[in-house]
Amino acid sequence: MNPRAPVVSQAPCSLSVVLLTLGLALGGCATAPPRTPLAPEAPSPADPSPEVCKDATDCREALRASPRDTLSECEARRRVELARRACALNVAEGCTELGRWETRGLVKAGGVDFAAASGLFLRACTLGDGEGCALKALMTLRGQGEARDAVAARAGLQDACERFPGISCGLAVEGLAEETLREGTAPEWEWMALFAQRGCDAGDGLSCRILGEAFYSGRGVAQDADKAAGLYARACEAGDGEACTRQGMLLRAEGPWAEPRAEQLLSRGCELGSPEACRLTVLETLDSQGRQKNTADRRALYRHACDRGAALGCLALYDELRDEPLALRPVFELPGLLKRACLLGAGQACEFLDEVTQAAQPRCASGSASACGVLGVLFLSPPLRQGESTEGERLLHAACEGGDLASCKGLSELSGASADLTCRSR
């Protein structure tokens, strides 16, 4: 196998190239999954900073101007702070956004807080945000943070769509579909299509995509592939990345003549945050050996895809950077890319990280400074698990004091960076 082939085609054993500078040579790749699943370390609570946005109008504009899904850890932390500040100023969208982050466990050190999220969605709904109303109803439907009440939830979803047609209608359809799966009942396709139509008429991308899927499959409406394609186009124009992906794939199936337009749609889908569009765009670039992009553009694409939730982007960027001298890049960057790929479902990255950890732990315990440095680097490479930053810094200090120069370099990077560990590799 070509040693320069992307790591997407093999387990990333060449991470040893990176870690050899810490003095630990490793053998073949492990096959066992990691003992502990990776998850981002939750940010600690903080008071909303007036530096994030000046007033309610400024906060509202800032929320609308920045992406909110499948973000890098740095972007997510900034987005949480923006939402916190906006909600404190009674911006309804800010409370909705903060509630969404609460459901992901990224607002406070304690992790997911469904009760807090439910309260924030209710506050957003009271302030006039239809998405908040729909999300509050979904919490009731799921029994998250409150007692489950399917009747009240269905009424809440219908009310949200009727009072605030838009994304609330798309969320209502998703809630109804979820309920039928939970109860094992037949989906009410016609009713769901009506909800989607109302939201799409109001210009919501999610609703247009759902309606397009209904026409493509003939669920609740007469099957019509042309109407489906048109609705995907409307949804894509409205900013729904997944719709751009579907439209691009439909075009690609029509033949080579449609390939340029299909690539444009997939690129837009990736830009809008569709992990699948990003995966396909990265795959196309890898297949062409990057002939269509210079090195800087290619790496920017891979990083963007990784940030938008495509594990393939993380692995492709790792493969691009792995042979660069350690002096030219952050110590924590390559292990961080593999941790993110693992978190996004790349099994080979998880296996290799587990192998590194299992190999380094006994050597560190027996006094090997370089092995302790390896563990410290892995712990401090974002995304972090709870408590990893403290243990990682302790290990790096011990390794540096033991004479491991790469660990000293890592400590130097930490001391010269922001206190926000999740942003140190950016």
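I take buried to mean under 20% relative accessible area, exposed over 50%, and partly exposed in between, with a 1.4 Å probe and protein chains only.

**Entry 1: basis**

I worked on a predicted model, in which local features need pLDDT of at least 70 and side-chain atom pairs count only at pLDDT 80 or more, while totals for chains, interfaces and linings use all residues. Residues are numbered from 1 along each chain as its sequence is written, and side-chain values use heavy atoms, with hydrogens and water left out.

**Entry 2: disulfides**

I looked up the disulfides, a disulfide being a pair of cysteine sulfur atoms within 2.5 Å. The structure holds 11 of them. I examined several in turn.

I began with Cys 342 and Cys 350, which a disulfide joins at an S to S distance of 2.0 Å. Are Cys 342 and Cys 350 buried or exposed? Both Cys 342 and Cys 350 are buried. The torsion about their S-S bond is about 105°, so I recorded the disulfide of Cys 342 and Cys 350 as right-handed.

I then noted the disulfide of Cys 306 and Cys 314, whose sulfur atoms lie 2.0 Å apart. Their link is right-handed, with 90° about the S-S bond. Cys 306 and Cys 314 are both buried.

Cys 400 and Cys 408 also form a disulfide, with 2.0 Å between the sulfur atoms. I found 100° about the S-S bond of Cys 400 and Cys 408, a right-handed link. Cys 408 has 25% relative accessibility and therefore counts as partly exposed.

**Entry 3: helix 17**

I turned to the helix that holds Cys 342. Helices are DSSP runs (H or I, at least four residues), numbered from the N terminus. After helix 17 comes Gly 345, for which I noted a positive phi near 105°.

**Entry 4: salt bridges**

I next searched for salt bridges, each defined as a side-chain nitrogen of Lys or Arg within 4 Å of a carboxyl oxygen of Asp or Glu. Side chains of opposite charge can pair when their charged atoms come close. The search of the whole structure finds 29 salt bridges.

I checked Asp 319 and Arg 322, whose side chains meet in a salt bridge at 2.9 Å, N to O. Asp 319 and Arg 322 are both buried.

I also checked Asp 113, which forms a salt bridge with Lys 108, with 3.5 Å between the closest N and O atoms. Asp 113 counts as partly exposed because its relative accessibility is 24%. Lys 108 likewise counts as partly exposed, at 24% relative accessibility.

**Entry 5: a salt-bridge network**

Which residues are linked with Arg 209 in a network of salt bridges? I recorded Glu 213, Asp 240, Glu 242 and Arg 246 as linked with Arg 209 in that network.

Within it, the side chains of Glu 213 and Arg 209 meet in a salt bridge of 3.7 Å, N to O. Both residues belong to helix 10 (residues 205–217), where they stand 4 residues apart, about one turn of the helix. I found Arg 209 at 13% relative accessibility, so Arg 209 counts as buried. Glu 213 is partly exposed, with a relative accessible area of 25%.

Key
Helices (H or I, at least four residues) and strands (E, at least two) are DSSP runs, numbered from the N terminus.
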